[in-house]
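Dear colleague,

My notes on what was found in it follow below.

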Amino acid sequence: MRGAPQISASILNADFSRLGDEVDRAVAGGVDSIHLDVMDGHFVDNLTMGPVVAAAVRPRTHLPFHSHLMISNPLAYAERFADAGSDLIIFHVEVDADPARVIEAIETAGKRPGIALNPETPAESVLPWLDRVDLLLVMTVHPGWGGQPFLRDVLPKIRQLRGEIDRRGLDLPIGIDGGVKIDTIGDAHAAGGEVLVVGSGLYSTDGDLGPTVAALREAARARDNAET
Ligand code: DX5
Ligand code: ZN
């Protein structure tokens, strides 16, 4: 059974010339967490932010920081992102590292682990770790950029993973990341997504983000009401 929709602001699409203010805008708009997209130019073909950026904006809010590590060597950086103020550190199951060691490194650093899988990666790859992590992040775009279209082909996999989590009676939220906007958030939530990461769907708005966040939450809930 999925919980109420949570909106997580991906700051990758924010104005980097004033990133702290952009975090403030999301917080004032009523989001539930801040999503930091960390890319190393190796696991994905883009370079974005390191621990120094996370630490720079950390004092702006008490909301949870979810650091999404799209990097080939999460073991080497887990502690540094923990020290920078991350609350949840998400690594990819596709990297060439033992997930158990990465999970232990994150827990040893006193933080909560999350695991992510790319659109083409089968659900089976994360089944061994569902009872070891605090968030399962399902990519609905190929990671590397914001502003990409939502891959609807991933919806059946989300439903499959939601079913498996419920069958096991685990308290594990599913995050949906990539292309989540007003016209896709309903399907993402209905398929089983609770933590809905929104980048360009949020930061394409100037000024007050309150109405956009409220509209996104309402669009997610609309499917709940339709199904009951
Ligand atoms: C993509 C990132 C996403 C992205 C979300 O690799 O992991 O978090 O920034 O942005 P939108 O919502 O624009 O797809
Ligand atoms: Zn992300």
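Leaving aside residues up to four places away in sequence, E22 touches A14, D15 and Y203. Please bear in mind, as you read on, that this is a predicted model. E22 has its place in helix α1, which covers residues 19-29, and its side chain is joined to that of R25 by a polar contact of 2.8 Å. Because buried means under 20% relative accessible area, E22 counts as buried at 2% relative accessibility.

The metal site comes next. The zinc ion (ligand 2) is coordinated by H35 through NE2, D37 through OD, H68 through ND1 and D177 through OD, at 2.0 to 2.3 Å, and these donor residues follow the spacing H-x1-D-x30-H-x108-D in sequence. The site of the zinc ion (ligand 2) is octahedral, with angles of 73 to 171 degrees among its 6 donor atoms.

The last part concerns helix α5. At 1.5 Å a residue, the 14 residues of helix α5 (residues 155-168) should span 20 Å, and this agrees with its end C-alpha atoms, which are 20 Å apart. The buried residues of α5 are L155, K157, I158, L161, R162, E164 and I165, and what covers them includes the strands β5 (112-117), β6 (135-139) and β7 (174-177), together with helix α6 (185-190). Just after α5, G169 takes a positive phi of about 70 degrees.

Technical notes
Residues numbered from 1 in each chain as written. Chains lettered and ligands numbered in written order. Predicted model: local features only at pLDDT ≥ 70, side-chain atom pairs only at ≥ 80, totals over all residues. Heavy atoms only, no water. Donors = N, O, S within 2.8 Å, 3.2 Å for Na, K, Ca; no water. Tetrahedral: all angles 85-135°; square planar, octahedral: opposite > 155°, others 65-115°. Helix = DSSP H or I, 4+ residues; strand = E, 2+ residues; numbered from the N terminus. Buried < 20%, exposed > 50% of the residue type's maximum accessible area, 1.4 Å probe, protein only. Polar contact = N/O pair within 3.5 Å; in protein donor to acceptor, adjacent residues only side chain to side chain. Contact = heavy atoms within 4.5 Å. Expected span 1.5 Å × (residues − 1).
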